[in-house]
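User: Hi! Could you walk me through this one in plain words?
Analyst: Happy to, here it comes.
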Amino acid sequence: MKIKEIVYKTLISGDSYKTLLRGLGVTVQIAVFSVILGSLLGIAVCAMRRSRIWPVRKAASLYIAILRGSPVLLLLMLMYYVVFASSHVSPTFVAIVAFSLHMSAYSAACFYSAIEATDKNQVEAARTLGFSKYQAFFLVTLPQAAAIAKGTYQSTIVTLIQWTSVVGYVTITDLTRVINNISSRTIEPLFMIVIGLLLYLGLSYLCYGIFALVDRLSSLKEKPLKKTPLKKEASGNEHDSG
Amino acid sequence: MSMIRVENISKSFGSLEVLKDVSLTVEKGERIVIIGESGGGKSVFLRSMDLLEVPDKGSIYIGDDELTSPKADLNRIRRRVGFVYQGFHLFSHLCVLDNITLAPIRLLKMKRAEAEEKALKLLRMVGLESKKYAMPDVLSGGQKQRIAIVRSLIMEPEVMLFDEPTSALDPTMVGEVLATLRLLAKSGMTMVIVTHEMSFAREIATRILYMDEKGIYEEGTPQEIFDNPKRKKTRDFIHKMKYLSYKIDSRSFDLMQLQGSIRDFASKYGIGEKKAYRLQLCTEELIYEMLDYGKSDCVDMSLELSFDEKEKSSLIRLSSKGVEYNPFEKACDGLGDGIHGKADVSVGGDDMVHLGITILKNTARRIGYRYDAGNRENLFEIEI
């Protein structure tokens, strides 16, 4: 069987699958750290973008505009060949820095527009009830902004995962690099590219799955709370009749 | 002890001065209704009482807390004041019950069960207990507003401020919100209401403020303000509220606009759908009759509609300049001819042409006509 031979040649012989998994691991590592660090930085940039002080606001907009307007590969090269050129840090670390910056600009823009899209009148209504500015933000604006931002944020992450495929340029052996290496060594590019596509697809779906799971969990957490008054009421009625 | 004391506040937006040196004292249990033209500073004045607008000058006290003091604990003082908006502003991500219980649980540290019990009691009061798990976006405007009122009430405010609470509502839903306000009034709540609902204002207010010229232009009991306003602008405003005036100076006048204002007028006085339609119909027929057969070279008509709340009847008054012409008499003649057996095609045709007059005759309670020769005016009074 030809397929069997191809699978053996590309994945099994010489423990290729281990190399493949290692590459996948590097991709996941860069993506996960970049998403976390980038989102945290993004929150900070978003806060600056909403600052009352004009220069801070302007600086944040400029940061977002520049980082969103430049190719992530150039950013990566800038980090690798210029910024970290003389320091002995691992290329993976450099990639995480570059992708975090990239992610921070996109997530800041995403968070900012989501917050802007919420209804300011509801915040004012909360203030009239006696909530502080911060309480109003966390209880009213944030949950609504999160719902608005979710879709864009999710696709930003998936795009980021795909963009990490360029780290091979700076000597990192990630999933794409491994696919490339194996396919040129075995001269079976089609098979390996399909494997690569499936793995990236898998990562994307994993990401969607995590979001769906978080959604499910948070709605489960709310439901029992909403059910309590029903029972309370029923028992109250019993008391009345008794 | 006064509930709210506003002392000499002024407020400008850029170069536009909205309030100038305005003072007001609201005693406990008072129900104050603020009326006035749009853009007259009513809302800004009301909003400043909860410091939603910060006055440039002057001070505001809630009880003995000074709201305008830089050291004021705004969040604590605001709990004493309930505010209801024209646009409801319910928290769109929370169900009705959570909308109501959010503040007592977080701010008064009330137990969830206790807060929900209290919320349900209030919901029962406004007849919306069945909607407790509904999300705001599935509710009608009237329901949203009643829930917004409950959301404020659960904090047990000492005074409630209402900023045009029925202006964003369909005419059919105004009633349910006004009923809720009446309920509150009955419970002795101190209220300050900005509204355009004149009959409601008259019924519920202990004091009416008419705002104009950047301040309180005239104040008094509902009887004083509505029946016997002292100052000119108040008189004009009240007149405008009671009467719908419209000038027609061209054959191609804006009929749609007129019909629209008649609709608005009707809904303001709670005139029913059917009656409002009749009012529109009769006005239109009368105007066109005079336009088409009035035999005058220039068009100069003025229309005035009014509504008598006691008699539940509306009055159309039309004056049309030109030579004497009474369409009702003429149509009568035509009809008479027909009865006398001389009916021919032309008479039938004439009757068809003056169909509007036939409609008017069948619809109106009373039709009056008079010709003022001095002013060369045909004067009509039609009661519906």
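User: Which residues point one way from S3(B), and which point the other way?
Analyst: Arg31(B), Val33(B) and Ile35(B) point one way, while Ile32(B), Ile34(B) and Gly36(B) point the other way. This is a predicted model, where local features need pLDDT of at least 70, side-chain atom pairs count only at pLDDT 80 or more, and totals for chains, interfaces and linings use all residues. Residues are numbered from 1 along each chain as its sequence is written, and chains are lettered from A and ligands numbered from 1 in the order in which they are written.

User: Are those S3(B) residues buried or exposed?
Analyst: All are buried (20 or more other C-beta atoms, placed from the backbone, within 10 Å of a residue's own; 12 or fewer is exposed, in between is partly exposed). Six of the six residues of S3(B), residues 31-36, are buried, so the strand is largely enclosed by the rest of the structure. A strand here is a DSSP run of E with at least two residues, numbered from the N terminus.

User: What is S3(B) joined to by four bridges?
Analyst: That's S8(B), residues 190-194, running parallel. Ile34(B) sits opposite Val194(B) there. Pairing takes at least two DSSP bridges between two strands.

User: And how many bridges go to S9(B)?
Analyst: Five, also in the parallel sense, with S9(B) covering residues 207-212. Ile32(B) has Arg207(B) as its bridge partner.

User: New topic: how is chain B divided?
Analyst: Into domain 1 (2-230) and domain 2 (241-383), with bounds from an automatic or database domain assignment. Their C-alpha centres lie 42 Å apart.
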